[in-house]
Structure formats: structure tokens, C-alpha cells
Amino acid sequence: FIYFIFLRNAFLTNFKKLSILFLIILLVGLLWWIIILLQTFPKKYNFSELKNSKGTTAIVVLTGGKMRIEKGLSLLKKGLGEKLFISGVFEPSDIETKYGLKESQDYLLQCCISFGQKATNTIENAIEVEKWLEGSNEVDKLILVTSYYHLPRSMIIFEKKLPDLLIFPVKAENKIDLVDEFIFHFRLIISEYFKVLYTIITIK
């Protein structure tokens with residue numbers, strides 16, 4: 001019985017130490033994660049490397065958040081990419097109607113814009129883009145457009161799935177209001193942090 005008590009106390013002591021260590025690692029990781037996100041808020045993207053380089057640049061938009069498609073279309077109109085691929089589950093006709101592509105920008109639909117309709121998560125987005133690029137040797141650079149909080153995880157996945165491409169991450173939002181919408185952004189950041197941890201552990 002005494003031996004059992006000794007083992008139980010030893011287990012509880014070690015469990016407490018491991019729990020504290022795990023909590024410290026989690027908090028340090030969370031701090032690192034917030035610093036990375038804060039660095040994306042004011043970042044200005046320099047596309048001179050794209051303009052001055054050979055090869056073809058494709059713009060990829062991951063749907064699921066505000067301003068993502070708008071940003072992708074804006075980059076395409078500015079000539080920063082030759083092709084635009086919009087990945088996610090939706091009807092292309094909805095996109096065409098919402099952004100007036102049929103009426104005013106039909107040439108973009110004919111020459112430059114493609115749609116994916118099967119991806120339900122970021123890994124499936126990357127697989128969808130990989131299939132879209134199959135047989136397209138001229139594309140060697142991607143401009144990856146998604147929400148600021150989604151960019152780090154997206155980069156981890158896309159660099160793993162498409163290691164031969166140079167990827168430029170671009171946040172969809174031109175302005176992020178952290179003060180008035182603090183709770184909303186805080187919940188997003190915490191949720192995405194755990195998704196990043198899961199991705200790092202499980203991605204192959």
C-alpha cells in the first residue's frame with residue numbers, strides 16, 4: 001500500500017511538472033505566433049522581383065474570408081500575375097455576378113481566370129492548385145492570397161505541397177481594425193494557432 005502511495009505521488013509530481021512545461025511551451029508558441037501575425041499587418045509587399053523575373057506568375061485565391069477575391073482580382077488587373085485561380089466550394093456564376101465579370105471584364109474570364117469547386121480546407125486547396133498546375137511548366141511563381149490570420153498556415157501547406165514554386169503571400173485585407181473588433185480577431189488568432197500546431201504535426 002505504501003509503495004502504491006509512493007508511485008501515485010511520484011506520478012502526480014511528474015504530471016504537474018509535465019503540465020507546467022507543456023503550458024510554458026504553449027504560451028511561448030502563442031507569443032511567437034502573435035508576433036508573426038503582427039508582422040503581417042503593416043507589411044508592404046515588393047513585387048519588383050516578380051516583374052523583373054522570367055517565367056509565369058499565377059495568383060491563387062483561397063476562398064472563405066472577406067476581401068480575398070477582391071484582392072486577387074485587383075492583383076490580376078495590375079498585371080502582377082498572368083493567371084488567377086480561385087479555389088474553394090462555390091458556384092463560379094455567383095462570383096461572376098457579384099463582381100460584374102460577365103458585363104465589364106469578360107476577357108478576364110476567357111483568358112485568365114479559372115475556378116476550383118471541390119476544396120473544403122487548406123490542404124485540399126493546395127491539392128486543387130497542384131492539379132490545376134499539372135502540365136503547366138511555365139508557372140514558377142505563385143501569389144497566394146488569403147486572410148492575414150490564415151497566411152502562415154497556408155504557407156506551411158503550400159510550400160510543402162508545391163516545393164518547386166516561389167510563393168509570395170499576400171493578405172487580403174488592406175486595413176485590419178484590431179481595436180473595435182478585438183474579440184473577433186482574438187478568437188480567430190487563437191483558433192488558427194491550434195490549427196497551425198496540428199498542421200505542423202500532421203502534414204506530410
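In this predicted model, helix α8 (residues 151-161) packs against helix α9 (residues 182-202), with axes that come within 9 Å. The two axes cross at roughly 15°. Angles under 35 degrees count as roughly parallel. Helices α8 and α9 are therefore roughly parallel to each other. Their crossing is left-handed. On the α8 side, the contact is made by Arg153, Ile156 and Ile157. Helix α9 contributes Glu192, Lys195, Val196, Thr199 and Ile200. By class, four residues of this contact are nonpolar, one is polar and three are charged.

Helix α8 also meets helix α7 (residues 122-133). Here too the axes come within 9 Å, and the crossing angle is roughly 40°. This angle makes α7 oblique to α8. The crossing of α7 and α8 is right-handed, whereas that of α8 and α9 is left-handed. From α7, the residues in contact are Thr122, Ile123, Asn125, Ala126, Val129 and Glu130. They meet Arg153, Ser154, Ile157, Phe158 and Lys161 of α8. The contact of α7 with α8 comprises five nonpolar, three polar and three charged residues. Arg153 and Ile157 take part in the contact with α7. Both residues also belong to the contact with α9.

Ser154 is found in helix α8 and is one of the residues that meet α7. Its relative accessibility is 0%, so Ser154 counts as buried. A polar atom of the Ser154 side chain lies 2.8 Å from the backbone oxygen of His150. Beyond its neighbours within four places in sequence, Ser154 is in contact with Leu62, Thr122, Leu144 and Thr146. Of these, Thr122 is a residue of α7 that takes part in the helix contact. Ile123 of α7 takes part in that contact as well. Ser154 and Ile123 are 31 residues apart in sequence. In space, their C-alpha atoms are 8.2 Å apart.

Elsewhere in the chain, helix α3 (residues 68-77) is mostly covered. Seven of its 10 residues are buried. The buried residues of α3 are Arg68, Ile69, Lys71, Gly72, Leu73, Leu75 and Leu76. After α3 comes Gly79. The phi of Gly79 is positive, near 80°.

Methods. Residues numbered from 1 in each chain as written. Predicted model: local features only at pLDDT ≥ 70, side-chain atom pairs only at ≥ 80, totals over all residues. Heavy atoms only, no water. Axes fitted to C-alpha atoms, helices over the stretch in contact; angles between N-to-C directions. Helix = DSSP H or I, 4+ residues; strand = E, 2+ residues; numbered from the N terminus. Parallel < 35°, antiparallel > 145°, perpendicular 65-115°, else oblique. Left-handed = near helix turned anticlockwise from the far one by under 90°. Contact = heavy atoms within 4.5 Å. Nonpolar A, V, L, I, M, F, W, Y, C, P; charged D, E, K, R; others polar. Buried < 20%, exposed > 50% of the residue type's maximum accessible area, 1.4 Å probe, protein only. Polar contact = N/O pair within 3.5 Å; in protein donor to acceptor, adjacent residues only side chain to side chain.
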